[in-house]
Amino acid sequence: MIKVDGIHKSFGKVHAVRGVSFGAPDGKITGLLGPNGAGKSTTLRVLYTVLKPDQGSASIDGSDVVTDSLSARQKIGALPHGAGLYPQLTARENIAYYARLCGLDKSEIDDKVAGMITMLEIEDFADRRTKGFSQGQRTKISLARALVHDPQNVILDEPTNGLDVMATRSLRRLILKLKDAGRCVLFSSHVMQEVAALCDDICIIANGQVAIDDSIDGIRERTGQEDLEEAFVTAIQMVGDE
Amino acid sequence: MRTLFTVFFKEILDNIRDRRTLASALIMGPIFGPVMFAFVINMSIDRALDDAESTMELPVIGQEHAPNLMRFLESRNIDIVAGPDRAGGAQEAVKTGLHDVILVVPEGFGEQLADTIPARVELYSDEANSQGEKESRRARYALQAYNQQLAAIRITARGINPSVLRPINVDEIDVSTPSGRSAMLLGMMSYFFIFALLMGGMYLAIDTTAGERERGSLEPLLSLPVTRGRLILGKILATCVFMAASLMLSLLSFYVVLEFMPLEQLGMTPNFTLPVVAAAFLLLLPFILLGAAVMTLVASFTKSYKEAQTWLSVVLVAPTLPILIVSILTLRPKLEFMFIPSLSQHLILVDMVKNEPINGLHVAISVISTLLLGALLTWVCARLYRREGLLG
């Protein structure tokens, strides 16, 4: 379970996040939706503890991301935007490296890594060095290593970027699997349809603020738009008008 | 501890698999230095040997006018060969580079000698050509010697002791030992070692921050449940291992190169035996930590891999500065110098190669001060690895 409570973050003069609050419960998929530069990535980076909020707080299963960041990191698997691999290591070695760093038991590392490889359907290139892999292949491996330690909370920053239809579909199936396993999944996107196809709750942010935090039907209702894209645009404008 | 070793072994594996990086780290540094060194030494040996021992060919026009002179020149290891046919051809032959030096003995040489008129010979050479300059110098010395011999004979014939022509006799006595002479030439080798050890770790040092960031692997790495201090320590440790390997290779390749170089012919016998190689390795070991920390620190402030490379090439040159200053001012080793990394190692290494007694206190100060500075900078690296700006 992820809780975000009024966080602010500035980079120099740019006030990227201005008081964002929302929650992402276990067993549900929560979408963080917003146009480019809305503050989605910054919010997620605060959650996986590489940034500290200027104000406000956030916690992962009760562990504060600032005061108890090591324990917060233990409970999350994060896929940052544009995550890179080690090109000289094979896919399997990339995943195993993270498994070891996460403190997995030596005896179970091989099995866990093999399990992730099967689950993400990357057997074909698991033992090749990742140099020259396609975007889709890289994303799958990045995801596998983020999930190898079985985290309760999964944070994905624009995971479908650069993926083709087939890869996107298999990613969706995986996210749904995680949901069924009772995990808390939080993922960001700037595509309304994609979020709508997966999420139980959607938090639309624009200009560093939360515009609407509701279910899909709730968003339709509150914006008065039946069409999802129109609803998205209307929600963004609601923030701009304030 | 486990995190540290996990990072350490991964970095080792990663770096070993990167052939290009490995080649530049472990081959460029250690091999480049000794090869260049061998090249320079061989050239100076060639030149030194050329001057004294080798036979030089001297084209002479008009040999028949001075048979005694020709015999004298031959006795000084100068081969007389036929020059161009015409006397006027000498200038052209030297100008066009056909010959470096040509001696012309005019027809009246014999008569002039007999009449004790200064007998004229012409020596053509091109002073702008360094080879020609050397040969003409040798020919000139030989002619001077002949000149002195004739003068002595003439004076003796008139009943005067030839030594009146030599009021002063200068005896030069060189007090340097063969090992000491080599130190001058081998002084530059301590820099080759420092260069090689820095080269060995340069790519890993960049990779720790700028490289990981550029690849996009830094952010996921930092989101793992590990403390950043362990991550950076593991990386610096791996960097140190490659630096040590590079240092060892460079010491050994120097050792091999020196074995094959006829340094005795230059009057040098450097004390660079295998025990000295081992001692030099231990002496330079503290500098490895310092170098790794400095390179990692500098790279962490850069925005990209390229920028890091640019800055680190400055770091590669920095250790030469104190060595250069002390060499130019020709200062003797002093206690204060031992607090300066790179300089202290250089001075102690020179003493080792000169086979002079090593001051234990100097070694202790060098090792401890370099290690302390290295540890301090490693700590600074770990502190800086925690800041947000690291992500760029």
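I began with burial: 48% of the 242 residues of chain A count as buried. I note here that the model is predicted.

Next I looked up the secondary structure, and chain A has nine helices and ten strands.

I then checked the radius of gyration. For 242 residues a compact globule would come out near 18 Å, and chain A has 18 Å, so the value agrees with that expectation. I also took the extents along the principal axes: the C-alpha trace of chain A spans about 55 × 40 × 35 Å.

How far apart in sequence are the residues that contacts join in chain A? Counting contacts between residues at least 6 apart in sequence, I find that 68% join residues at least 24 apart.

I turned to the domains of chain A. Domain 1 is made of 2-75 + 152-241, and domain 2 covers 87-150. Their C-alpha centres lie 25 Å apart. Across the boundary, eight residues of domain 1 of chain A are in contact with seven residues of domain 2 of chain A.

Which element gives the largest share of the domain 1 side of that contact in chain A? I find helix 6 (residues 165-180) of chain A, with three residues. By residue class, this side of domain 1 of chain A holds five nonpolar residues, two polar and one charged.

Last, I looked up chain B. Its assignment gives domain 1 as 2-45 + 178-391 and domain 2 as 55-165. Over C-alpha atoms, the centres of these two domains of chain B are separated by 56 Å.

Definitions and conventions: Residues numbered from 1 in each chain as written. Chains lettered and ligands numbered in written order. Predicted model: local features only at pLDDT ≥ 70, side-chain atom pairs only at ≥ 80, totals over all residues. Domains from an automatic or database assignment. Helix = DSSP H or I, 4+ residues; strand = E, 2+ residues; numbered from the N terminus. Rg over C-alpha atoms; globule rule 2.2 N^0.38 Å. Buried ≥ 20, exposed ≤ 12 C-beta atoms within 10 Å, placed from the backbone. Contact = placed C-beta atoms within 7 Å. Nonpolar A, V, L, I, M, F, W, Y, C, P; charged D, E, K, R; others polar.
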